[in-house]
Amino acid sequence: MLDPRTVQIVLADLQDGIVDASRTNPPAAIKRAVTTLTAIAGNLGLPLTVSAAPRPGGPANIAEIPEDAPVFVRTGPSCWDDPKGRAAIDAHNRPVLALCGVTSEIVIVRTALDALASGYQVIVLVDACGGITDRTEAAAFRQIEAAGGTVSSVAGFASDMVRDFTTPQGRATIAALHSLIA
C-alpha cells in the first residue's frame with residue numbers, strides 16, 4: 001500500500017501536438033487519464049511537477065493540467081536533466097514518483113531510469129502515456145521494470161493509496177476513477 005504522503009506526480013510532454021502524436025494510446029484516452037490523475041492528486045494533496053519539451057513560441061497548451069501547476073521547460077529527453085525541474089521534484093521530499101506523459105520511448109524511459117538511479121521509487125502510469133509504436137513502447141516499459149520501476153495504471157495507482165472508498169477522500173477518489181469508465 002502506498003502512503004500518499006510519500007508520493008508526487010511528474011507529468012511530461014503533455015503539450016498539444018505532442019499528445020496528438022501518440023500512436024499507442026489515443027490522445028483522448030491520455031487526456032482522460034491525466035484529468036483523472038490530476039483530480040486524484042488534488043484530492044490527496046499530491047504535488048505535481050510539469051516538464052515540457054522546448055517548442056517554438058514556448059511550451060504551448062499543456063493538456064489537462066491545472067493552470068497553477070508550475071511548468072519547467074527542459075532541453076533534453078529527461079526531466080532529470082533540467083536543474084530547475086529536478087530541484088522542484090527534490091524539494092517535495094517525497095520518494096515515490098508517479099510518472100506519465102508522451103513519449104514513453106523518450107521522455108518517460110529516460111526520466112524513469114534517471115530517477116531510479118537517483119534512489120526514487122518510480123511508478124509509470126501507462127494509461128496516461130503514449131508511445132511511438134506498441135513494440136517500442138513495450139520495450140521501454142520492460143527496461144523500466146528491469147531497472148526496478150513499476151508499470152501500473154491510474155486506477156491501480158489510486159487504489160493502492162486509497163483502500164477505503166467510504167471515507168471522504170475515498171468517495172472523491174472512486175468518483176474520479178469512474179470518469180475512466182465513462
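Let's start on helix H4, where the buried residues are Glu 137, Ala 140, Phe 141 and Ile 144. Why do they sit together? They cover an arc of only 95° around the axis, which puts them on the same side of H4. Buried means under 20% relative accessible area, exposed means over 50%, and partly exposed is in between, with a 1.4 Å probe and protein chains only. The arc is taken over the directions from the helix axis to the C-beta atoms.

A word on the model. It is predicted, so local features need pLDDT of at least 70 and side-chain atom pairs pLDDT 80 or more, while totals for chains, interfaces and linings use all residues. Residues are numbered from 1 along each chain as its sequence is written, and side-chain values use heavy atoms, with hydrogens and water left out.

Back to H4. Which residues are exposed on its other side? Arg 135, Arg 142 and Ala 146. The cover over the buried residues of H4 includes helix H3 (104–117), strand E5 (121–125) and strand E6 (150–152). Contact here means heavy atoms within 4.5 Å. H4 itself runs over residues 134–146, 13 residues in total. From first C-alpha to last it reaches 18 Å, close to the 18 Å expected at 1.5 Å a residue. That expected span is 1.5 Å times one less than the number of residues. Just after H4, Gly 148 takes a positive phi of about 110°.

Next, helix H5, residues 154–161. Its buried residues are Val 154, Phe 157, Ala 158 and Met 161. They too cover an arc of only 95° around the axis, which puts them on the same side of H5. The cover over them includes E1, H1, strand E4 (96–101), E5, E6 and helix H6 (168–178).

Now step back to the whole chain. How many helices and strands are there? Six helices and six strands. Both are DSSP runs, numbered from the N terminus: helices are H or I with at least four residues, strands are E with at least two. The order from the N terminus is β-α-β-β-α-β-α-β-α-β-α-α. The radius of gyration is 15 Å, close to the 16 Å that the globule rule gives for 182 residues, so the chain is as compact as a globular protein of that length. That radius is taken over C-alpha atoms, and the rule is 2.2 Å times the number of residues to the power 0.38. Buried residues make up 48% of the 182.

Buried or exposed? At 7% relative accessibility, Asp 13 counts as buried. Its side chain makes a polar contact of 2.8 Å with that of Arg 74. A polar contact is a pair of N or O atoms within 3.5 Å; within protein, one must be able to donate a hydrogen and the other to accept it, and residues adjacent in sequence count only if both atoms are side-chain atoms.

Last, the rings. Trp 80 and Tyr 120 form an edge-to-face aromatic pair, 5.3 Å centre to centre with 85° between the planes. Trp 80 lies in the loop between strand E3 (71–73) and helix H2 (83–91), and Tyr 120 in the loop between H3 and E5, so the pair ties together parts that are 40 residues apart in sequence. Rings of Phe, Tyr and Trp (its six-membered ring) pair if their centres lie within 6.5 Å; planes under 30 degrees apart count as stacked, over 60 as edge-to-face and the rest as tilted. Both Trp 80 and Tyr 120 are buried.
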